[in-house]
Amino acid sequence: MFQIAAAPIDVVALKADLENPAAGACVCFEGWVRDLNDGAAVSALDYEAYEPLAVKEGEQVLAEARSRFDLIDAVCQHRVGQLQLGDCAVWVGVTAAHRDAAFAACRFIIDEIKARLPIWKKEHYQDGDSGWVNCAKPIKPADAEAGAAS
Amino acid sequence: MISVTARYFALFREQVGAESESWTVAPCSAGELFALAAQKYEFLDGAARCKVAVNDELADWSTALHDGDTVLFFPPVAGG
């Protein structure tokens, strides 16, 4: 099950939902908001998603994981909204009879989520600036004037 | 001519100043419409780094657009 979450992710509840006597392994991944990106000090992150397609594609990723790896269950929740340093932005949980499949599937799921889903993040920096991650930065009018004057 | 609705997300929405826009164009592909929008709004990320959906299905840039379609332009994704 893939969900977009507007409220803090309840990692305890999500893990409890995965409990299964057939599972010898449970592998969970938590993506946390980090204080530094490309040398810039981050103060907060805004996550935005196009939810209909994020959910559709997220479910597709989980289905692919279940078909590629010998799993019992796979769950992912991704936040939207403004997050502070240390907040959990994304949670992936996988259960399997054995750990090889659980580790591999968890890695596969987070890698695919990051590459494919229509989700974007805007970093807010300590210096007051902000920017969309992975996007080429438009030149601001003030920067353009400074460039022309020099 | 065809009338389609373009929807913009994240950085594109900020650059356009709106979430959506109507376009009336000669029949074209999603990529060709993106090129028009990219030129109008000076998008810096090329189609190769972006994704497109037509009527809520992820699509190729070569997908032909039809009257009434909704085209979603996604800038480079950054989930996780």
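**Stop 1: a glutamate in chain A**

Select A:Glu57: its relative accessibility is 14%, under the 20% cut-off, so this residue counts as buried. Keep in mind as you look around that this is a predicted model.

Now colour helix α2 of chain A, residues 51-68, and you'll find A:Glu57 in it.

**Stop 2: where the chains meet**

Select both chains. Here 25 residues of chain A are in contact with 23 residues of chain B. Together the two chains bury about 2,100 Å² between them, and carbon and sulfur atoms give 57% of that. Pick out B:Val77, B:Ala78 and B:Gly80 next: this trio supplies 27% of the area that chain B buries against chain A, more than any other three residues.

**Stop 3: charges and polar pairs**

How many salt bridges are there between chain B and chain A? The count is 3. To see a salt bridge, show the side chains of A:Lys56 and B:Glu57, which meet at 2.9 Å, N to O.

**Stop 4: chain B's side**

Colour α1 (10-16), β3 (51-54), β4 (57-59) and β5 (70-74) of chain B: these elements each give two or more residues to the side touching chain A. α1(B) gives the most, with 5 residues. Finally, colour that side of chain B by type: you'll get 12 nonpolar, 3 polar and 8 charged residues.

Conventions. Residues are numbered from 1 along each chain as its sequence is written. Chains are lettered from A and ligands numbered from 1 in the order in which they are written. This is a predicted model: local features need pLDDT of at least 70, side-chain atom pairs count only at pLDDT 80 or more; totals for chains, interfaces and linings use all residues. Side-chain values use heavy atoms; hydrogens and water are left out. Helices (H or I, at least four residues) and strands (E, at least two) are DSSP runs, numbered from the N terminus. Buried means under 20% relative accessible area, exposed over 50%, partly exposed in between (1.4 Å probe, protein chains only). Contact means heavy atoms within 4.5 Å. Buried area is the accessible area (1.4 Å probe) that two parts lose on being put together, summed over both. A salt bridge is a side-chain nitrogen of Lys or Arg within 4 Å of a carboxyl oxygen of Asp or Glu. Ala, Val, Leu, Ile, Met, Phe, Trp, Tyr, Cys and Pro count as nonpolar, Asp, Glu, Lys and Arg as charged, and the others, Gly among them, as polar.
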